[in-house]
Amino acid sequence: AGQGDFSARHAHYLCEQALERAGSDPAGACALLEKARDTAPDAPRPRIELARLQQRQGRPEAAASTLK
């Protein structure tokens, strides 16, 4: 029966978790952001946050690729 699509909300929640973790566990944060991107491929936030984190890690090429 009429279940809604909660993928965007789930992706938002994963982004929030990743931001909490970014300082202490950047690899874990990247994994959460990649999961968020896969969960809601049309949502811009997971890509933006992932690119930001990649840029902070000194990976500008990866950040640019993420935003394409």
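Pro 26 touches Arg 21, Leu 53 and Gln 57, not counting residues up to four places away in sequence, where contact means heavy atoms within 4.5 Å. The model is predicted, so local features need pLDDT of at least 70 and side-chain atom pairs count only at pLDDT 80 or more, while totals for chains, interfaces and linings use all residues. Residues are numbered from 1 along each chain as its sequence is written, and side-chain values use heavy atoms, with hydrogens and water left out.

**Overall layout**

- The secondary structure comes to 4 helices and 0 strands; helices (H or I, at least four residues) and strands (E, at least two) are DSSP runs, numbered from the N terminus.
- Along the sequence, the pattern reads α-α-α-α.
- The C-alpha trace spans about 45 × 25 × 10 Å along its principal axes.
- Of the 68 residues of the protein, 31% count as buried; buried means under 20% relative accessible area, exposed over 50%, and partly exposed in between (1.4 Å probe, protein chains only).
- Among contacts in the protein with a separation of 6 or more, 37% are between residues 24 or more positions apart.

**Helix H2 and Pro 26**

- H2 has 14 residues and reaches 20 Å from its first C-alpha to its last, close to the 20 Å expected at 1.5 Å a residue; the expected span is 1.5 Å times one less than the number of residues.
- Gly 28, Ala 29, Cys 30, Leu 32, Leu 33 and Ala 36 are buried in H2, and the buried residues of this helix pack against H1 and H3.
- Pro 26 has its place in H2 and is partly exposed, with a relative accessible area of 32%.
- Between Pro 26 and Gln 57 there are 8.4 Å in space, C-alpha to C-alpha, although they are 31 residues apart in sequence.

**Helix H3 and Glu 49**

- The 13 residues of H3 (residues 44–56) should span 18 Å at 1.5 Å a residue, and the end C-alpha atoms are 19 Å apart, which agrees.
- Pro 46, Glu 49, Leu 50, Ala 51, Leu 53 and Gln 54 are the buried residues listed for H3.
- Packing against the buried residues of H3 are helix H1 (7–21), helix H2 (26–39) and helix H4 (60–66).
- Glu 49 lies in H3 and counts as buried, at 10% relative accessibility.
- Beyond its neighbours within four places in sequence, Glu 49 is in contact with Leu 19 and Leu 33.
- After H3 comes Gly 58, whose phi is positive, near 80 degrees.

**How H1 meets H3**

- The axes of H1 and H3 come within 9 Å and cross at roughly 20 degrees; axes are lines fitted to C-alpha atoms, for helices over the stretch in contact, and angles run from 0 to 180 degrees between N-to-C directions.
- That angle makes H1 roughly parallel to H3, since angles under 35 degrees count as roughly parallel, over 145 as roughly antiparallel, 65 to 115 as roughly perpendicular and the rest as oblique.
- H1 contributes Ala 11, His 12, Cys 15, Glu 16 and Leu 19 to the contact, and H3 contributes Arg 45, Pro 46 and Glu 49.

**Nonpolar core**

- The largest nonpolar core has 13 residues, and those with the most contacts inside it are Ala 18, Ala 29, Leu 33, Ala 36 and Leu 53.
- H1, H2 and H3 each supply at least two residues of this core, and the largest share, 5 residues, comes from H2.
- Such a core is a set of buried Ala, Val, Leu, Ile, Met, Phe, Trp, Tyr and Cys residues joined through side-chain atoms within 4.5 Å.
- Leaving aside neighbours within four places in sequence, Leu 33 is in contact with Cys 15, Ala 18, Pro 46, Glu 49, Leu 50 and Leu 53.
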